[in-house]
Amino acid sequence: MPLSPIGAAAIGTGFTFLMTALGAAMVFFFRKKSSDTMQRVFLGFAAGVMIAASVWSLLIPAIEETEAAGRPGWIPAAGGLALGAAFLMLMDRLLPHLHPGALQAEGPHASFKRTTLLVFAVTLHNIPEGMAVGLSFARAAQEGQFSYLAGAMALAIGIGVQNFPEGAAISLPLRQEGLSPFRSFVYGSISGLVEPIFGILVVLASAAIQPYMPWLLSFAAGAMLYVVVEELIPEAHLGEHSHPGTLGVLAGFLGMMILDTALG
């Protein structure tokens, strides 16, 4: 029995959430956060995965789908990308958040604890990832073609792999902030819960506006690219030597590209 678009999106985003939770569980085995070098590698890797996913899993399918319908493919790709970036920029300004290792919170002033602001920062980044995975699986379920399903699986695997260190990157600093291991694990896992929530929400919206799927795919790409340029790459290159972050970006991009082209 074929899955519905919502069911497919729930499975795909559920996997990425599970990987975040597994990463957050590292707080039960390690007390200290990873070294600055490893943090830069992880951040760079996440950036590379998201760049490749934006191109191969979102923008190219959006262009091809539009051109197959006899319309210029660049219009929804460019328009959706701009709207996605604008949406994340707005969220960045409206949601107070604190990045791990930072002293000053971003966004509007709020009286939240540092731990809450740390969770908000990672949660903000996970929104476009959930949208991208949810849309890819919904598209695969709607079209019923193996190539679409393979591409969606490749995207989920790529996002899931980079979510594992991301979960640890939030739970371990929370432990250092004084939270118990269990609470650090719960908060780290909650940061990834936004992925299935937004993944399913965007699929519910796409069911009503199916002709605009290329716009939605490009929207998710624009939101992810905003996160990459605004946060991940700058943080991956903090410090005197930027080679670890650069190598992380290249490894993430290469891995996601191979996954998408080999499976999709």
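Val-161 is partly exposed, with a relative accessible area of 37%. The term covers values between buried (under 20% relative accessible area) and exposed (over 50%), taken with a 1.4 Å probe and protein chains only. This is a predicted model: local features need pLDDT of at least 70, side-chain atom pairs count only at pLDDT 80 or more, and totals for chains, interfaces and linings use all residues. Residues are numbered from 1 along each chain as its sequence is written, and side-chain values use heavy atoms, with hydrogens and water left out.

**Overall fold**

The chain has eight helices and zero strands. Helices (H or I, at least four residues) and strands (E, at least two) are DSSP runs, numbered from the N terminus. Of the 264 residues, 48% count as buried. Contact means heavy atoms within 4.5 Å. Among contacts between residues at least 6 apart in sequence, 80% join residues at least 24 apart. The accessible surface comes to about 12100 Å². Carbon and sulfur atoms hold 72% of that surface. Accessible areas come from the Shrake-Rupley method with a 1.4 Å probe; for residues, only the protein chains shown count as cover.

Val-161 lies in helix H5. Val-161 also belongs to a nonpolar surface patch, together with Phe-15, Phe-146, Leu-149, Met-153, Ile-157 and Leu-263. The patch has about 580 Å² of accessible area. Patches are made of residues with over 30% relative accessible area and no salt bridge; like charges are joined within 9 Å, and nonpolar side chains (Val, Leu, Ile, Met, Phe, Trp, Tyr) within 5 Å. A salt bridge is a side-chain nitrogen of Lys or Arg within 4 Å of a carboxyl oxygen of Asp or Glu. H5 (residues 146-176) gives the most to the patch, with five residues.

Yet 22 of the 31 residues of H5 are buried, so H5 is largely enclosed by the rest of the structure. H5 bends by about 30 degrees at Asn-163. Pro-165 follows within four residues. The bend is the angle between axes fitted to the seven residues ending at a residue and the seven starting there. Just after H5, Gly-178 takes a positive phi of about 110 degrees.

The end-to-end span of H5 agrees with expectation. So does that of H3. The expected span is 1.5 Å times one less than the number of residues.

**Helix H3 and Thr-66**

The buried residues of H3 are Pro-76, Ala-77, Gly-79, Gly-80, Gly-84, Leu-88 and Asp-92. Pro-76 is also one of the contacts of Thr-66. Thr-66 sits in helix H2 (residues 36-68). At 3% relative accessibility, Thr-66 counts as buried. Leaving out residues up to four places away in sequence, Thr-66 also touches Arg-71, Pro-72, Gly-73 and Pro-214.

**Two further threonines**

Thr-13 is in helix H1 (residues 5-24). Its relative accessibility is 0%, so Thr-13 counts as buried. Beyond neighbours within four places in sequence, Thr-13 contacts Gly-130, Val-133, Gly-134, Glu-195, Pro-196 and Gly-199. Its C-alpha is 8.9 Å from that of Phe-137, 124 residues apart along the chain.

Thr-246 is in helix H8 (residues 243-263). Thr-246 counts as partly exposed, at 31% relative accessibility. Thr-246 and Gly-44 are 202 residues apart in sequence, but 6.3 Å apart from C-alpha to C-alpha.
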